[in-house]
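Colleague: Could you take me through one part of this model in detail, with the cut-offs behind each term?

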Amino acid sequence: MSLTLDYAADFPAIASTVFILPAGTTELPVTAAADLPEAARQYVAAQLAADEKFVAVNQYSHQHYYVVAEEKKTPALGLEGLRKAGNKLHARLKADKVEELFICNLTPAGGSLALAEGIALTAYQFAGYKTDEKSRKAPTLTKLTLVGPDLSAEKVSELAGMLEGVYLARDLVNKPYSHLNASQLAQQFEEAGERAGFEVEVLDLVRIEALRMGGLLAVNQGSPEPPTFSIMEYKPEGATNTKPIVLVGKGVVFDTGGLSLKPTPNSMDLMKCDMGGAAVVVGVLTALAKNKVPLHVIGLVPATDNRPGGPALAPGDVITMYSGLTVEVLNTDAEGRLILADALAFAKKYDPELVLDYATLTGSAARAIGIEGIVYMGTADEDVMHDLKKAGNATHERLVEFPLWDEYADHIKSPIADMSNLGKAEAGAISAGKFLERYAEGYPWVHFDIAGPAFLTTPDSYRGKGGTGTAVRLTYEFLKNRA
């Protein structure tokens, strides 16, 4: 992460500083006047009296910024407002060529962390592959220093560790297939494990065949590249859980749709993002390990691309999964559930306390709630579902629960196999979840369909454009609280 986060007990007299003022502030607090000359002080006071929410003062050698928090229905929405304010502030910091910013919070606890989070997530840049000097130039802003009695060095360090996980997830989603096939994705996991401190084992084609992972092998049939199955494990001393929590991520590094070929405009051309679930898993493990969260967590990622070449899986084929169940494949573009199903069945060997899976799985989920939230469903108890939703609200990665009623099993019935991989036109996200449920047996399980927010084609505040790292912050918050 190119942007450094630090903590200080106070800010120097001459330094670019942003003051976060309480909602409804119309007068300049003495503590926020700092070294302002009288004329500048009067200017800021006049702007606040006019109900301005953002005020900037150029001190020539440094800058002063004032952000007024907005009155919201809940504290969580108030913090989200500050994240978005951080996005707007970043544009000004960039224009003013600010190198280091001190953040001073005069609102309830957490304000400076939220503003810094918004700035840092906005500051993310994918390195890309351009060769001109301007494109390769490093950003001017390199450091955020958070100040205030409501903070500690540990809290700031924790935010930095979590952001590192989000940055990694974004980087992986933004990489094209030419630079991230299944083997290269597994290599990225190994490098992430070395940096953060978790173990990685990669199963190659021979071992995948020996395990008879029929779903993963079937999707891989048309590819010139072999599949991988990555097992990542973070097991710190003093872990508070006796049984591991398992995270499963869909790792389709590029999805043509197979023989059920996707159209190109606004569809296949975006499908480098179809491993967004895998990115979540390694992003969360990175954040947990960096921050030494005392929780035993295992990540499983089946990875392949989905191509129509050679002996590719054909509509109407019947395959036998790792669990032994048979599936009639009616659409080769419903491939994510096939590889996830093998990983979910494999997860049972760990006797897990809880299994969470992440996937850019269905257009139905995106059409249902758009890019504004994540569809989730599962067999975990109400307390788990509530805690997940609470974590989603806290991070503004909001969750909408879909039902898994027994009647939805009829949507995936097959006349010749145990089930089909395609449901009806209606409730597509649910029938996909119902398919996965058959393999998530023997443990509590929750499925997250992140198809809507995982990859954005236009910028959206601090989430930016391209890979967003959606669900990393949500899951980290949930697991941290659970630990």
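Modeller: Lys292 sits in the loop between α9 (276-290) and β11 (297-306); helices (H or I, at least four residues) and strands (E, at least two) are DSSP runs, numbered from the N terminus. This is a predicted model, in which local features need pLDDT of at least 70, side-chain atom pairs count only at pLDDT 80 or more, and totals for chains, interfaces and linings use all residues. Residues are numbered from 1 along each chain as its sequence is written, and side-chain values use heavy atoms, with hydrogens and water left out.

Although Lys292 is not a glycine, its phi is positive, about 55°. Most residues other than glycine have a negative phi. With a relative accessibility of 66%, Lys292 is exposed (over 50% relative accessible area, buried being under 20% and partly exposed in between; 1.4 Å probe, protein chains only).

Ala471, likewise a residue other than glycine, has a positive phi near 90°. Ala471 belongs to the loop between β20 (466-467) and α14, and is buried at a relative accessible area of 0%.

Helix α14 (residues 472-482) meets helix α5 (residues 153-174): their axes come within 9 Å and cross at roughly 140°. Axes are lines fitted to C-alpha atoms over the stretch in contact, and angles run from 0 to 180 degrees between N-to-C directions. Glu158, Met162, Gly165, Val166 and Ala169 of α5 make the contact with Val472, Arg473, Tyr476 and Lys480 of α14, contact meaning heavy atoms within 4.5 Å.
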